[in-house]
Amino acid sequence: MATSLTRFEDALVDHDCEVTRTTVDGFDGALAAALREPAVGASLGDPELSLPADVQTVPTPAQLQAAASGVTPVAFAVADHGTVAIPSTASGVEPVSLYSDRHVAVVREEQVVPDTGAAFDELGPALAEDRGSVVMATGPSATGDMGALVQGVHGPSEVHVIVVESEVSEP
Amino acid sequence: MNRSDDRQAKAAHIRHLLSTESETIHENTGHMNSERYRAIENFDYDALRDEARAIKEDAIARLPELIDRVTESVEENGGTVYVADDAEDANSYVEQVMADRDAETLVKSKSMTTEELDLNEHLGEAGYDVFETDLGEFVIQVAEEAPSHIVGPGLHKSSEEIAELFNARFEPDEELATAQDLTRFARDYLGERIREADVGMTGANFVVAESGTIALVTNEGNARKCAVTPDTHVAVAGVEKIVPTVADLQPFSQIIAKAATGQDVPQYFSLLTPPVDSPTLDFDEPDVPITAQSGGSDDRDFHLVLVDNGRFAMREDDELRETLYCIRCGACANSCSNFQHVGGHAFGGETYTGGIATGWEAGVHGLDSADESNDLCTGCTRCVDACPVNIDIPWINTVVRDRLNRDEMPSEFDFLVEGLTPDEEPGGLDPQKRLFGNVDTLAKLGSATAPVSNWLAGTRPARLLMERVAGVDPRRDLPAFRRDTLRKWAADREPATPADADREVLLYPDLYTNYVQVERGKAAVRVLESLGCAVQVPDIPASGRAPLSQGMVSTARQQAEAVSESLAPHLDAGRDVVVVEPSDAALFRREYERLLPESEFDRIAGGTYEILEYVYGVLENGADADALAAGDGQSVSYHSHCQQRTMDLAVYTEAVLSDRGFAVQTSDQECCGMAGSFGYKSQYYELSVSVGRELADQFADAERVVASGTSCMEQLDDLLGPTRHPVELLDPAAE
């Protein structure tokens, strides 16, 4: 049986997302390749991963509106459907992931849970105890309301997920 | 307007829709319908919908307590809850919020509940600018039309029509043509509205009592933007949207998009516990960093407006309560052949559309609004299979039809049909309903005097009178009643199997098999006998299907009781009841639960079989299949009956025919469009034929067509030529 990680990657592709698997060491390069300028971001809050200086992490509304890509961390991810859980944070993860035309989501390997049941194990405390907010996002925004399927409506038209493996599997 | 004019007006409205919106509606609903089948193919839909149903039943039972709980939660979070008694109350509250915030503009994501309230009109009259940001809602707002579908309000419009609308209204620099152009234009236009807006409004697909979380199921991302961009968020939801816990959302998160559009999951399942922590976005201060603009949730204002507007009364109503379990996915519309052909501008009331609309309209707007489309539900039950919370939508339609019947004023023609019709219904019942509801009496009379009755019924004066009084469409051939009924034939012949055979079968002489489709009854008797069954065809009264289909519930119940009494000694003696007409088999196993005491229902339901289901069972238990006629590779096109499919019985016919060497091709159409009396009614004849043609087209190259239901046979007879019942293919005595 495929691991959660490969199932996650397959599901992302099925839902029209791009995906890159990398390591902590390879992260900067993977991110640079995934970003489009101008870019905004929300702090990853990860001691091992950081955003380059040209990614505006304290964006103004004008920068948000003009951004070609927005990079954010996620609360967790769900392998079965290629879903990323986007939390509402004071750092602006939600608007950064929503207003840019291209959302670049950074997912640590251990953040990937296998299925909906496991997702609700995360959501229960996040919502009921912490009274937080989470958007379970699967693929780019889409509509059929104009007579044919179109991707990229009010939300991003492209979603790129960078999966960061915890350990390097080969030297 | 008298009833004849009424029927003509309705026919004209349907004719108009068939020539305008039908094509686009059909393409879109048909697509969503097949996508739903695909999405649930390898998924335990039934288990999940049982779970979802149980959660809704529990939540509605505990509703007052849950309203208290969610109020507490939202207040703990820093928001406000308002429970509005009715539309006026809800609209006034929202207007007050607008005034308190010195707001001028409001952006909305899709909300059927606010359509129900006419909130946009109310705020517009109060001087506020309201913008729908869901692209489908935006289209109908620009077109100034009503939603045609619960999920896709603008589903009846093609790209070309939307382009024409937008080009005329907005006069863009470059003419819009494609769906891409239109989407880009709407996104830019509405994006600006969202950035300028003072207040954002969303609906809620679910509201969680324990946390104050609202769940929004969307694909476009507009609900997210409306909820988080302005500093004030108003969510409007019917009280029935509350579920107790976050965990209760799980089955719905897995089932709602599958049921609605056939997506495994929606693009966005937003779980917002407002006021949210995201910084507000003030585009009037474009160069002040968002994180410096506000203190997140402290600067946000959140109002949850919970709407009663008739729902508490529905909760007290044993027949309408189920409507409150509806999660508004539109699967009942997509799976409905009639809806696929006319859409919600015929099949809907003031606000809601599709099969479940009757329940909603009766509950929130009153019976009159339900009357507009109630008859378009033919009771085919295909929506029952589709509904993610197992709502018996046809039953709700039947009950509301019954209530409407009882509201009818007496008519000048009552005297003409009352003498013929020994029903339990009040005076004033529409003669059309009374005629079709008492078809058993007509059949008896017609058979006793056949063939003269058939000649007379076919004369021009008779057809004109039938059209005028009862709205029987003159373009439809009437069934020919047979003087040599199945029962007479059975009584006059020597049974081929000894009466003490291992299997004793009571073949139910349903109205159609006994008086009209006699050959299929004879074939059924011979097939059963050839498999070693002793068969008798005793006098059992009419099933009650005909009056039930007209909403004549009391008459149907009386007939069910009579059937129960007649069948009881046979069932107690261990005889199996075999039914040829699938709509009656379905009645015995499904609707009788509503009409009979539990023990009587269980006895009948447990002992009744559809003819080919029974044949399959007897063969599986060792009977010699070679006693039946063989197919020798002959191609057969088969249309199963809608109710038969809902009970998962079509597979037996397919299996038996295949095993006997027939090459079976089965139609995938939900319903033939005839549906008992529906296709005879002058106001629906053209719709019925439109649905039937789609089926006939599937069978255009068929060598031989078989169908299980009388109605399906009649429809296909009219459109394709002679159609037989599958059991006739297996008849060892057949030529």
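1. Basis. The model is predicted: local features require pLDDT of at least 70 and side-chain atom pairs count only at pLDDT 80 or more, whereas totals for chains, interfaces and linings use all residues. Residues are numbered from 1 along each chain as its sequence is written, and chains are lettered from A and ligands numbered from 1 in the order in which they are written.

2. Chain A overall. Chain A holds five helices and 12 strands; helices (H or I, at least four residues) and strands (E, at least two) are DSSP runs, numbered from the N terminus. The radius of gyration of chain A, 15 Å, is close to the 16 Å that the globule rule gives for 171 residues, so chain A is as compact as a globular protein of that length. This radius is taken over C-alpha atoms, and the rule is 2.2 Å times the number of residues to the power 0.38. Along the principal axes, the C-alpha atoms of chain A fill a box of roughly 45 × 40 × 35 Å.

3. Burial and contacts in chain A. Of the 171 residues in chain A, 56% are buried. A residue is buried if 20 or more other C-beta atoms lie within 10 Å of its own, exposed if 12 or fewer, and partly exposed in between, with C-beta atoms placed from the backbone. Among contacts in chain A between residues at least 6 apart in sequence, 72% join residues at least 24 apart; two residues are in contact if their C-beta atoms, placed from the backbone, lie within 7 Å.

4. A:Ser4. This residue is found in helix α1 (residues 4-14) of chain A. A:Ser4 is partly exposed because 18 other C-beta atoms lie within 10 Å. Neighbours within four places in sequence aside, A:Ser4 is in contact with A:Ala79, A:Val112 and A:Pro114. The C-alpha atoms of A:Ser4 and A:Gly41 are separated by 27 Å, the two residues being 37 residues apart along the chain.

5. Strand β6 of chain A. Five of the five residues of β6(A) (residues 83-87) are buried. In a regular strand the side chains alternate between the two faces of the sheet. From β6(A), A:Thr83, A:Ala85 and A:Pro87 point one way, while A:Val84 and A:Ile86 point the other way.

6. Partners of β6(A). Three bridges pair β5(A) (residues 76-78) with β6(A) in the antiparallel sense; two strands pair if DSSP finds at least two bridges between them. A:Ala77 has A:Val84 as its bridge partner. The two strands β5(A) and β6(A) form a hairpin with four residues between them, and A:Gly82 in the turn has a positive phi of about 70 degrees. β6(A) also pairs with β9(A), in the antiparallel sense and over four bridges, and there A:Val84 stands opposite A:Ala137.

7. Contact between the chains. Chain B contributes 56 residues to the contact and chain A contributes 42 residues. On the side of chain B that touches chain A, the elements supplying at least two residues each include α8 (135-143), α9 (159-170) and α12 (249-261) of chain B. The largest share of that side, six residues, comes from α10(B). The residues of this side of chain B divide into 22 nonpolar, 24 polar and 10 charged. Ala, Val, Leu, Ile, Met, Phe, Trp, Tyr, Cys and Pro count as nonpolar, Asp, Glu, Lys and Arg as charged, and the others, Gly among them, as polar.

8. Strand pairing across the contact. Strand β9(A) (residues 134-137) and β9(B) pair in the antiparallel sense over four bridges. The bridge partner of A:Val134 in β9(B) is B:Leu271.

9. Domains of chain B. Chain B is divided into domain 1 (43-135 + 192-309), domain 2 (323-407) and domain 3 (486-729), with bounds from an automatic or database domain assignment. The centres of domain 2 and domain 3 of chain B, taken over C-alpha atoms, are separated by 27 Å. In chain B, 20 residues of domain 2 are in contact with 19 residues of domain 3.

10. A sheet in chain B. An open sheet of three strands has the order β16-β15-β17 (chain B), with parallel pairing. β16 (663-666) and β17 (705-707) of chain B stand at the edges with a single partner strand each, so one side of each is left without a neighbour in the sheet. Four bridges join β15(B) (residues 635-639) to β16(B), and B:Tyr638 stands opposite B:Thr666.
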